[in-house]
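Please read these points with the coordinates open. They cover the contact between the chains, then one chain by itself.

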Amino acid sequence: MAKKKESKQKKMNTRVDFTPMVDMMMLLITFFMLCTTLSKPSAMQLTMPSNDQKLTDEEKSVTKASHTITIYLGSNDKIYYVAGIPQYDNPECVKETTWGKDGIRSVLIKHTTEEGINPVARIMKAKQDLDARKTAPGSTMTEEQYNKELDELRKGNINGEKIPTLTIIIKPLDTASYNNMVEALDEMQICSIGKYVIDKITPDDEKLLSLKGIK
Amino acid sequence: MGKIKIQKKDIWIDMTPMSDVMTLLLCFFMLTSTFLQPEPIQVNTPSSVSEVKVPENDVLNILVGNDGKIFIGTENKNNMNAMLQTIADKFGLSFNSAQLKNFSQESMVGAPISALGDYLSLEKEQMAEAIKTLGIPTDSIDGGMSEFQEWVKAAREANPDMTIAIKCDAKTPYKVVKTMMSELQDMNENRYRLITNLKQGEE
């Protein structure tokens, strides 16, 4: 009898049932998955001009007319631009364009300055080269070096040659949406434009736009 | 006639590898997770190609809804309490312990100063409802600074290294954004981060 009992004990199954544990893990994982933000939101750096009235006109940098483009953002996602300094008595200088690659971006890229060059196209080309060098196999370029070179490009220094850069003035109307503003800033980033500013609509602008029938 | 013998098989499945994987996943999620801060209102941010990340600490969040309501907050509770203290001193308010406790559970402030006391006395469920109809006003008080500016100033005093992060709904009219930004500019706060979603596949 005693012998029989012993042999029975040896056969006992020592397997542990993991199913409840797995169930619990599943629940915990679901909980954490729902409560987390895996991808952190990206952000856009924006520096606004100071409201300080003490700055005189001389201190503000003056740019040549052919180096300036003014962009007006209207209601219903409309976008208009003026190449050069706006002529406030001539509504014909305001042209309508569209968002995206074939609209405002091609306007910026094709803009020719009085020196007869297309600065945006040149800078974008140089940036592509820079990107290619950074991602090339065996490249040892650090993030810091890359950013430094990119800054130089935005200032118009391409391989030791200094080219004039564009200054973009973005003027959103009150009826424009925040989305339009971000999209406009986005274009600046895509086109590697170093100098851009968001400015308020002046009474002169208002007059010009109402002549053109823009709300 | 012999019956077809159905073989009795052991249908035990070994769960050990599965629980191994699960544990790994669980550890991963626990370590990488940062909990979502509850926001008073739902905001759909616009998309951009910018890949700059928002810093984790020392961020002053300004939330703007599509109807122009403004909320303000920071993730550091000590700074939040310091902000409330500054505001309370300035406007001669005092709060009891229940109100202070309610405040410390909030992630963002969004009540005009006149309504702040009443708002903080509400029950927790009512607070979530009430905050949606409030918002910090940007009208200047007697020609001086607006309540919104006072809050930003208080936040600056609590922590001078704060970066301003603006989270705005894509449909917000620019008028609201302009008012808010020009108030910030008046205080010489000229650098912001605009929080956006990453846009995919356009170059």
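1. Buried area here is the accessible area (1.4 Å probe) that two parts lose on being put together, summed over both. For chain B and chain A that area is about 4,900 Å², with 63% given by carbon and sulfur atoms.

2. The model is predicted: local features need pLDDT of at least 70, side-chain atom pairs count only at pLDDT 80 or more, and totals for chains, interfaces and linings use all residues. Residues are numbered from 1 along each chain as its sequence is written, chains are lettered from A in the order in which they are written, and side-chain values use heavy atoms, leaving out hydrogens and water.

3. Chain B brings 54 residues to the contact and chain A brings 44, where contact means heavy atoms within 4.5 Å. One salt bridge is found across this interface; a salt bridge is a side-chain nitrogen of Lys or Arg within 4 Å of a carboxyl oxygen of Asp or Glu. A:Asp174 forms a salt bridge with B:Lys178, with the closest N and O atoms 2.8 Å apart.

4. On the side of chain B that touches chain A, α1(B) supplies the largest share, ten residues. Helices are DSSP runs of H or I, at least four residues, and strands are runs of E, at least two, numbered from the N terminus.

5. Chain A has seven helices and eight strands. Of its 215 residues, 39% are buried, that is, under 20% relative accessible area (1.4 Å probe, protein chains only).

6. A:Thr97 lies in strand β4 (residues 95-97) of chain A and is buried, at 13% relative accessible area. Beyond four places in sequence, A:Thr97 touches A:Ile79, A:Tyr81, A:Gly103, A:Ile104 and A:Val107.

Terms used
Buried < 20%, exposed > 50% of the residue type's maximum accessible area, 1.4 Å probe, protein only.
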